[in-house]
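Here is a chain to get to know. Take a look at the sequence and the model before reading on.

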Amino acid sequence: MPSARPLTFVAVSSTGTPQFEPVTDADREVIREQLGRPPRALRAVAARCPSGHPAVVQTNPRLENGTPFPTLYYLTCPRLASMVGRLEASGLMREMTERLEADPGLADRYRRAHESYLAQRDAIEPLGHQVTAGGMPGRVKCLHVHLAHTLACGPGVNPFGDETLALLKATGWPSGDCAPSGE
Ligand SMILES: [Zn+2]
């Protein structure tokens with residue numbers, strides 16, 4: 001058995017502002033390898049894989065050149081990203097969107113996930129609009145966004161991120177190491 005660290009969730013403070021780790025030079029280099037390009041607008045490491053490398057980064061609401069960059073939490077681990085890609089390819093997002101229309105309680109939790117995402121981003125810098133990411137609050141368009149949100153902010157915040165994480169765990173993740181540049 002590899003001595004993987006347990007998956008840890010970041011505690012969210014009473015003000016609703018998660019306390020994340022600063023990005024070290026070593027992290028920045030690993031993220032560059034993970035993405036295959038220099039990372040942009042890096043703000044913090046919001047979650048790590050059990051092997052220790054960044055899994056989710058928090059980014060600034062604007063790029064260095066001022067361009068709005070509304071996705072606050074970005075999944076960087078290529079192994080996780082490819083596992084999520086396989087889930088997306090199975091048609092899961094259409095099924096989730098349909099459940100949203102049929103289940104007012106789920107729709108309400110998803111709307112609160114959207115509001116929380118927006119509030120955290122606005123606390124850094126308001127972009128002057130309410131567009132978040134991943135299709136929130138009305139549709140489910142990107143499971144990478146939702147998983148990143150759950151890994152960054154913990155369970156009970158984003159219902160579809162929670163579901164995505166549960167599906168990954170059911171397929172055996174986390175197991176072994178995720179190499180920084182792939183599986
Ligand atoms: Zn990983």
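The questions below walk through this predicted model.

Q: In what order do the elements of the chain run from the N terminus on?
A: The chain has 6 helices and 3 strands. From the N terminus on, the run of elements is α-β-β-β-α-α-α-α-α.

Q: Over how many bridges do S1 and S2 pair?
A: S1 and S2 form a hairpin, with 5 residues between them. Glycine 52 in that turn has a positive phi of about 110°. The two strands pair in the antiparallel sense, and the number of bridges is 5.

Q: Which residue in S3 is the bridge partner of valine 57?
A: Strand S2 (residues 54-59) and S3 pair in the antiparallel sense over 3 bridges. In S2, valine 57 is also the bridge partner of valine 45. In S3, the partner of valine 57 is tyrosine 74.

Q: How many of the residues of S1 are buried?
A: Across the chain of 183 residues, 37% count as buried. S1 is mostly covered. Of its 7 residues, the number buried is 5.

Q: Which elements do the buried residues of H1 pack against?
A: Helix H1 (residues 25-35) has the buried residues Asp27, Val30, Ile31 and Gln34. They cover an arc of only 100° around the axis, so they sit on the same side of H1. The face turned away from that buried side carries the exposed residues Asp25 and Glu29. The buried residues pack against S1, S2 and helix H2 (78-89).

Q: Which residue follows H1, and what is its phi?
A: The phi in question is positive. The residue is glycine 36, with a phi near 75°.

Q: Which peptide bond is cis?
A: Proline 137 lies in the loop between helix H4 (104-124) and H5. Most peptide bonds are trans. Here omega is about 0°, and the cis bond joins methionine 136 and proline 137.

Q: How is H5 oriented towards H6, roughly parallel or roughly perpendicular?
A: H5 and helix H6 (residues 159-170) pack with their axes 7 Å apart. The angle is about 90°. That makes H5, relative to H6, roughly perpendicular.

Q: How do the residues of the contact of H5 with H6 divide into nonpolar, polar and charged?
A: H5 contributes Leu143, His146, Leu147, His149 and Thr150. H6 contributes Phe160, Gly161, Asp162, Thr164 and Leu165. They divide into 4 nonpolar, 5 polar and 1 charged.

Conventions: Residues are numbered from 1 along each chain as its sequence is written. This is a predicted model: local features need pLDDT of at least 70, side-chain atom pairs count only at pLDDT 80 or more; totals for chains, interfaces and linings use all residues. Two strands pair if DSSP finds at least two bridges between them. Helices (H or I, at least four residues) and strands (E, at least two) are DSSP runs, numbered from the N terminus. A residue is buried if 20 or more other C-beta atoms lie within 10 Å of its own, exposed if 12 or fewer, and partly exposed in between; C-beta atoms are placed from the backbone. The arc is that of the directions from the helix axis to the C-beta atoms. Two residues are in contact if their C-beta atoms, placed from the backbone, lie within 7 Å. Axes are lines fitted to C-alpha atoms, for helices over the stretch in contact, and angles run from 0 to 180 degrees between N-to-C directions. Angles under 35 degrees count as roughly parallel, over 145 as roughly antiparallel, 65 to 115 as roughly perpendicular and the rest as oblique. Ala, Val, Leu, Ile, Met, Phe, Trp, Tyr, Cys and Pro count as nonpolar, Asp, Glu, Lys and Arg as charged, and the others, Gly among them, as polar.
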